[in-house]
Amino acid sequence: MSAAFEKCFDIIVVGSGHAGCEAGLAAARMGGSVLLLTLDPERIALMSCNPAIGGLAKGHLVREIDALGGEMGRAIDATGIQFRMLNTRKGPAVQAPRAQADKEVYRRRMTETVGRQPNLCVRQGAVQRVLVEDRAVRGVETDAGMRYGGRAVIVTTGTFLRGLIHVGLESEAGGRVGEPAAVGLSDDLLSHGFEIGRLKTGTPPRLHVGSIDFSDLAAQGGDAEPWPFSFSTPQIDRPQVACHITFTNPETHRIIRQNLDRSPLYSGKIKGIGPRYCPSIEDKIMRFADKERHQVFLEPEGLESEQIYANGISTSLPEDVQHAFVHSIAGLERAEIIRPGYAVEYDFVPPTQLYASLESKRIQGLYHAGQINGTSGYEEAAAQGLMAGINAMRKLQGKSPLVLERSEAYIGVLIDDLVTLGTREPYRMFTSRAEYRLLLRHDNADLRLSERGHAVGLLPEEAYNAFLRKREKIQRETRRLQRIYIHATDGSNGVLASLESAPLRNKTSLAQLLKRPELNYTNTAALDPERPPLPREIRWICETETKYEGFIRRQTDYVVRAREMERTPIPGGIRYEAIPGLSHEVIEKLNHIRPATIGQASRISGITPAAISILLIFLKKNRCVSE
């Protein structure tokens with residue numbers, strides 16, 4: 001077959017969104033020859049929807065991507081126009097960074113990064129077929145008849161698989177406004193036996209900045225001292241802009257309700273399932289009928305852009321209705337719509353058809369990443385793309401895949417949820433999905449994952465050495481806090497009184513004092529005159545690790561106990577039908593998912609603790625696991 005190929009590569013990446021970029025860069029940086037096939041080389045890493053990176057749990061994903069050696073964190077640090085740490089009034093486990101991006105500058109920077117990467121070749125083309133021989137990939141074929149050989153193929157097609165754009169009752173093929181859909185690849189995947197589903201997402205109207213009256217709207221600025229996403233970024237020194245907040249009102253809701261018969265969502269024209277956690281404004285006013293208003297964030301799309309992203313009013317209503325309801329909102333009475341909101345339906349491949357490495361169970365060397373797996377969001381896509389790129393290269397190197405555990409990364413939670421539970425709606429990451437979120441904080445992503453990134457050959461030596469130096473400083477300062485004792489003197493108690501903290505009766509370690517909720521690393525400086533000067537991120541993590549030491553220890557102990565099940569393997573060729581006591585439903589679900597471990601099996605919906613006990617007894621009886 002190879003004689004018919006235009007050119008051969010180690011890895012072919014289909015699609016150049018956030019998943020495709022991370023996959024291609026990771027594989028090339030690990031030494032593979034990579035072809036990145038895209039519908040439009042001018043739209044690499046384009047932000048189709050909200051021009052922002054990060055947020056609750058999503059910010060954790062970006063920092064984990066960076067810790068492993070990925071690109072997204074560095075890209076947003078270089079192109080962000082407003083940085084905020086979210087949930088600062090809550091505990092450290094649920095705090096997360098978010099940044100508004102300069103959409104066009106972000107796209108240009110990522111395009112340049114991809115273009116400069118050695119071993120990475122970008123070509124325009126729409127893939128129609130995955131070429132398969134003996135149940136293993138051999139390459140791809142484009143709609144123009146070009147055939148490229150590849151030892152592995154990573155499909156990252158976003159919303160383009162049979163994409164259908166809806167504005168009112170009018171619809172047209174497309175994966176994004178102004179761009180064609182990818183039609184043939186869905187049929188090809190079906191021909192290989194893949195199950196295909198249908199999802200829906202949407203976007204709000206873009207408004208002209210000069211037509212908005214900001215005078216009475218609340219401004220929301222960024223942090224005075226922004227927290228970078230990348231561990232290699234010393235500080236953020238870019239110009240910062242403000243976003244503004246307004247609200248819908250009963251008149252807005254009346255206009256929308258009166259026109260629901262013209263909504264493709266409520267007329268039955270849209271069949272795909274939309275995101276529950278990011279609903280359209282039509283969904284909001286129907287599902288939350290008792291609410292008189294909904295928040296709208298007016299977010300600039302760039303320092304030089306005239307477009308404002310109206311976050312909170314995603315819609316697929318007709319354009320005339322969009323004009324009417326937008327003009328009913330305070331500050332938007334004369335707003336000009338540059339581009340109306342729209343919905344897009346697209347095909348996805350339910351991810352239970354993948355291994356935890358993101359390799360297909362049906363075809364060796366075929367990987368899926370991003371929205372093709374049913375996820376929503378740039379960050380979820382980038383995380384999957386990174387892992388698919390790493391694992392495709394490791395397979396070609398003859399090495400075992402890198403599979404992150406739920407206890408060591410949000411990326412591990414994301415992928416385990418997808419391949420074990422699947423999804424019937426666009427999957428979005430939340431901190432509540434992680435059982436061990438106190439261990440999976442945004443601030444310690446490098447402590448958790450940089451060793452992994454360096455071991456697979458992705459995290460550069462310079463970044464790894466910087467991590468080692470940082471880790472040593474953290475360990476040294478944490479030990480010092482435990483050794484420094486504060487005595488019950490008038491001076492120390494006077495400092496504590498000024499901080500509204502109880503006086504000491506006996507000498508107490510500074511580490512123990514930091515466990516008091518009213519005390520922190522900064523306001524105890526007067527008690528610690530020998531304190532060394534340390535960067536903010538080191539001070540932060542030393543305080544967090546000290547203050548929550550008891551909770552962290554208990555959660556770590558639980559992880560150790562749970563790890564036995566997570567690491568108890570289930571033989572790949574096991575016949576569940578041969579295990580006495582398993583119900584037909586349990587057998588069907590186990591055969592469908594084919595879990596790799598007892599831990600993964602225990603998370604499958606409908607698999608009872610009794611079924612897990614039966615499975616464990618069978619494995620021990622047949623000497624598949626140690627006693």
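This is a selection-by-selection tour of the structure open in your viewer. The model is predicted.

**Stop 1: the core**

Start with the largest nonpolar core, which holds 69 residues. Select Ile11, Tyr106, Ile154, Met387, Ile390 and Ile411. These six touch the most other members of that core. Now colour helix H9, residues 378-396. H9 gives the core 10 residues, the most of any contributor.

Zoom in on Ile390. Setting aside neighbours within four places in sequence, Ile390 is in contact with Ala26, Met30, Leu402, Val456 and Leu458. As background, nonpolar side chains tend to be buried together in soluble globular proteins.

**Stop 2: helix H1**

Select residues 18-29, helix H1. H1 has 12 residues. From its first C-alpha to its last, H1 reaches 16 Å, close to the 16 Å expected at 1.5 Å a residue. How many residues of H1 are buried? The count is 11 of the 12, so H1 is largely enclosed by the rest of the structure. The buried residues include His18, Cys21, Glu22 and Leu25. Ala26 is also on that list, and Ala26 is one of the contacts of Ile390 from the previous stop. Step past the end of H1 to Gly31, which follows the helix. The phi of Gly31 is positive, near 105°.

**Stop 3: helix H10**

Go to residues 410-421, helix H10. H10 also has 12 residues. H10 reaches 16 Å from first C-alpha to last, close to the expected 16 Å. Of its 12 residues, 11 are buried, so H10 is largely enclosed by the rest of the structure. Show Tyr410, Ile411, Asp416 and Asp417, which are among the buried residues.

Which helices do the buried residues of H10 pack against? Display H2 (58-68), H9, H11, H17 (584-593) and H18 (598-602). After H10 comes Gly422, with a positive phi near 70°.

**Stop 4: Thr423**

Move on to Thr423, in the loop between H10 and H11 (445-455). Is Thr423 buried or exposed? Thr423 counts as buried because its relative accessibility is 14%, and the cut-off for buried is under 20%. Draw a distance from the Thr423 side chain to the backbone oxygen of Glu425: 2.4 Å. Then show Phe348, Pro351, Asn373 and Gly374. Thr423 touches these four, not counting residues up to four places away in sequence.

**Stop 5: H2 against H11**

Display H2 and H11 together. Their axes are 7 Å apart and meet at an angle of about 35°. The crossing is right-handed. On H2, select Arg63, Glu64, Ala67 and Leu68. On H11, the contact is made by Ala445, Asp446, Arg448, Leu449, Ser450, Arg452 and Gly453.

**Stop 6: Gln600**

Finish in helix H18, at Gln600. Gln600 counts as buried, at 10% relative accessibility. Which residues contact Gln600, leaving aside neighbours within four places in sequence? Show Asp416, Val419, Thr420, Glu566, Ile593 and Pro595. Asp416, Val419 and Thr420 are among the buried residues of H10.

Terms used
Residues numbered from 1 in each chain as written. Predicted model: local features only at pLDDT ≥ 70, side-chain atom pairs only at ≥ 80, totals over all residues. Heavy atoms only, no water. Core = buried A, V, L, I, M, F, W, Y, C linked by side-chain atoms within 4.5 Å. Buried < 20%, exposed > 50% of the residue type's maximum accessible area, 1.4 Å probe, protein only. Helix = DSSP H or I, 4+ residues; strand = E, 2+ residues; numbered from the N terminus. Contact = heavy atoms within 4.5 Å. Polar contact = N/O pair within 3.5 Å; in protein donor to acceptor, adjacent residues only side chain to side chain. Expected span 1.5 Å × (residues − 1). Axes fitted to C-alpha atoms, helices over the stretch in contact; angles between N-to-C directions. Left-handed = near helix turned anticlockwise from the far one by under 90°.
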